[in-house]
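Q: I would like to learn how to read this structure step by step. Could we begin with the terms and then turn to each feature in its place?

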Amino acid sequence: MIYRRLRTPSMWRDMDRMQREMNRVFESYSPRGLRSAPAYPAMNVWGSEEGLLVTAELPGVSSKDIELSVVNETLTVSGERVPEELVEEARYHRRECGCGKFTRSIQLPFAVDASKVEASFKNGVLHVSLPRKAEDKPRKIKVKVG
Amino acid sequence: MAEEKTLQVEKEEAALEEGAEWTRDRRIFIPRADIYETGDKMVIVLDVPGSKEEDIDITLEKDILTIMAQVNADEFPGHTPLYAEYEVGDYQRSFKLPDELNRDKIEAAYKEGILKLFLPKADKAKIKKIDIKAG
């Protein structure tokens with residue numbers, strides 16, 4: 001996966017593009033099984049002293065089809081984008097939106113208070129807030145004047 | 001029938017004329033689309049995650065149907081971005097409509113990041129079908 005800053009200057013954008021082009025060239029020569037697909041869904045992570053916020057774009061996935069679990073320091077998001085059921089005579093002109101099942105786990109940098117994890121799903125974007133365990137929070141240490 | 005695709009994360013950026021710039025300080029992506037046709041209408045399904053119903057503009061100029069969806073970037077006060085795999089940006093895409101569609105009765109529906117456009121076909125009476133006679 002490409003690490004990228006949120007606002008990328010144009011030079012990096014060009015580099016990214018070049019990298020993608022190169023990947024495409026190499027992938028087209030490799031056997032099918034070896035082609036790497038980036039993990040779905042793509043995630044953005046925000047942090048504060050209190051915990052983490054994870055967001056992911058999941059268009060077309062219904063909230064009841066999303067499953068979240070937190071075990072120790074691992075967050076797992078899984079679900080399914082169900083293909084639209086069409087009437088029999090329907091005929092596709094073009095099909096770009098993928099569908100199917102997905103599962104992704106990410107390693108969190110600290111233990112999370114699983115009972116306080118909250119998630120919301122709005123406009124096709126998933127937000128998961130993961131508060132840090134109270135005993136795991138950084139303690140401020142005062143420097144005593146000798 | 002078009003083949004079913006697997007889920008993809010990559011976003012394709014919309015092209016812009018050389019030398020021109022977008023007015024908004026963010027990238028513009030081409031939303032992925034499914035287009036299918038049933039007996040009496042054509043349906044365009046677009047993935048526009050993050051956009052709100054009121055931030056989507058659909059315009060029809062001559063034969064070109066343009067969909068522009070604004071997405072406001074996530075902002076979480078007190079939080080700093082740690083890791084980013086996807087970029088939040090607007091969506092824009094245009095389609096040239098075939099003549100057989102009725103331009104006056106286009107409808108749109110938005111739900112959970114998906115925009116659906118229903119384009120009814122013109123009355124059968126208006127379309128003349130020409131039979132091919134056997135030699």
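A: Two strands pair if DSSP finds at least two bridges between them, where strands are DSSP runs (E, at least two residues) numbered from the N terminus. The model is a predicted one, in which local features need pLDDT of at least 70, side-chain atom pairs count only at pLDDT 80 or more, and totals for chains, interfaces and linings use all residues. Residues are numbered from 1 along each chain as its sequence is written, and chains are lettered from A in the order in which they are written.

Q: How many bridges join β1 of chain A to β7(B), and which residue is the partner of A:W46?
A: Strands of a sheet pair through backbone hydrogen bonds, either parallel or antiparallel. Here β1 (residues 43-47) of chain A and β7(B) run antiparallel and are joined by four bridges, with B:P81 as the bridge partner of A:W46.

Q: In what order do the strands of the open sheet that ends in β7(B) lie?
A: The order is β7(A)-β8(A)-β2(A)-β1(A)-β7(B), five strands with antiparallel pairing. Because β7 (118-122) of chain A and β7 of chain B each have a single partner strand, they stand at the edges, and one side of each is left without a neighbour in the sheet. Neighbouring strands of this sheet are turned by 20° against each other on average, direction ignored, with axes fitted as lines to C-alpha atoms and angles running from 0 to 180 degrees between N-to-C directions.

Q: Which strands make up the open sheet that contains β5(A)?
A: That sheet has five strands in the order β5(A)-β3(B)-β4(B)-β10(B)-β9(B), paired antiparallel. Its edge strands are β5 (91-95) of chain A and β9 (107-111) of chain B, each pairing on one side only, while neighbouring strands are turned by 15° on average, direction ignored. At the chain B end, five bridges join β9(B) to β10 (residues 114-120), and B:E107 has B:F118 as its bridge partner.

Q: Do β2 and β6 of chain B run parallel or antiparallel to β8(B)?
A: Strand β2 (residues 28-30) of chain B runs parallel to β8 (residues 90-96), with two bridges, and B:I28 is partnered by B:D90.

Q: Which residues touch the most other members of the largest nonpolar core?
A: A nonpolar core is a set of buried Ala, Val, Leu, Ile, Met, Phe, Trp, Tyr and Cys residues joined through C-beta atoms within 7 Å, and buried requires 20 or more other C-beta atoms within 10 Å of the residue's own. In the largest core, of 19 residues, A:L52, A:V54, A:A56 and A:L130 touch the most other members.

Q: What confidence does the predictor give the complex?
A: The complex has an ipTM of 0.82 and a pTM of 0.77.

Methods: A residue is buried if 20 or more other C-beta atoms lie within 10 Å of its own, exposed if 12 or fewer, and partly exposed in between; C-beta atoms are placed from the backbone.
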